[in-house]
Amino acid sequence: MNLPSPEFDLRAYLLGPPPAGNFPVQGKWAVERQLLDRSTGTHGTFAGVVRLSPTHDGGLDFREEGTMRWPTFTGPASREYVLKPAARPDALNVFFADGRPFHRMSFRPEASQDRHWCDPDTYRVAYSYEGPETFTYTWDVTGPRKDLLLTSALKRLV
């Protein structure tokens, strides 16, 4: 796997190549997620689509929709974030939809990991650039309430 160059533009990568004609720019990715509750050994999955749309301030609206399968639930699931420019073009700051800060997204080896404290548990994320059409990230959630491993693989949809 070749890592992106130092000039790598994460926002442009997520949106993909500009479309022909007057169609709006939108990044569209298939997402497959493996869910593991390590405290019980329970496994589940999520499969769906992530849509990224430019915002007026140079960021991206992130909308994920799909189907979650868990032993006690199968049905629709979704989430929304806002990705805002960081100090470097190869990183984005991720915020919850209500504006609260969440974490930083980057593929640079020295910046591809981040953490978020959600009292009383700690969420650790690691991003990995797999190529021009694929990336992965893993959330390792530990604490007194949760012991989860969530592994997501995203592949660009044309």
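The charged end of Arg 156 sits over the ring of Tyr 13, 5.3 Å from its centre. The rule asks for NZ of Lys or CZ of Arg within 6 Å of the ring centre and within 35 degrees of the ring normal. Lys 84 also has its charged end over a ring, that of Phe 95, 4.9 Å from the centre. This is a predicted model: local features need pLDDT of at least 70, side-chain atom pairs count only at pLDDT 80 or more, and totals for chains, interfaces and linings use all residues. Residues are numbered from 1 along each chain as its sequence is written, and side-chain values use heavy atoms, with hydrogens and water left out.

**Aromatic rings**

- The structure holds 19 aromatic pairs. Rings of Phe, Tyr and Trp (its six-membered ring) pair if their centres lie within 6.5 Å; planes under 30 degrees apart are stacked, over 60 edge-to-face, and the rest tilted.
- Phe 8 and Phe 107 make a tilted pair, 6.0 Å centre to centre with 55 degrees between the planes. Phe 8 lies in the segment before α1 (10-15) and Phe 107 in the loop between β6 and β7, 99 residues apart.
- Phe 8 is buried at 13% relative accessible area, and Phe 107 is buried at 4%. Buried means under 20%, exposed over 50%, and partly exposed in between (1.4 Å probe, protein chains only).
- One aromatic cluster includes Phe 8, Tyr 13, Trp 29 and Phe 107.

**The sheet**

- Ten strands form an open sheet with antiparallel pairing, in the order β6-β5-β4-β3-β2-β1-β10-β9-β8-β7. The edge strands, β6 (101-106) and β7 (113-118), each pair on one side only.
- Strands are DSSP runs (E, at least two residues) and helices are runs of H or I (at least four), numbered from the N terminus. Two strands pair if DSSP finds at least two bridges between them.
- β1 (residues 27-37) and β10 (residues 147-156) pair over 9 bridges. Leu 35 has Leu 150 in β10 as its bridge partner.

**Salt bridges**

- The count is 12 salt bridges, each a side-chain nitrogen of Lys or Arg within 4 Å of a carboxyl oxygen of Asp or Glu.
- Asp 147 and Arg 38 meet at 2.8 Å, N to O. Asp 147 is in β10 and Arg 38 in the loop between β1 and β2 (42-54), so the bridge ties together parts 109 residues apart in sequence.
- Asp 90 bridges to Arg 88, with the closest N and O atoms 3.0 Å apart. Asp 90 is buried at 2%, whereas Arg 88 is partly exposed at 37%.
- Shared partners join Arg 51, Arg 63, Glu 65 and Glu 80 into one network.
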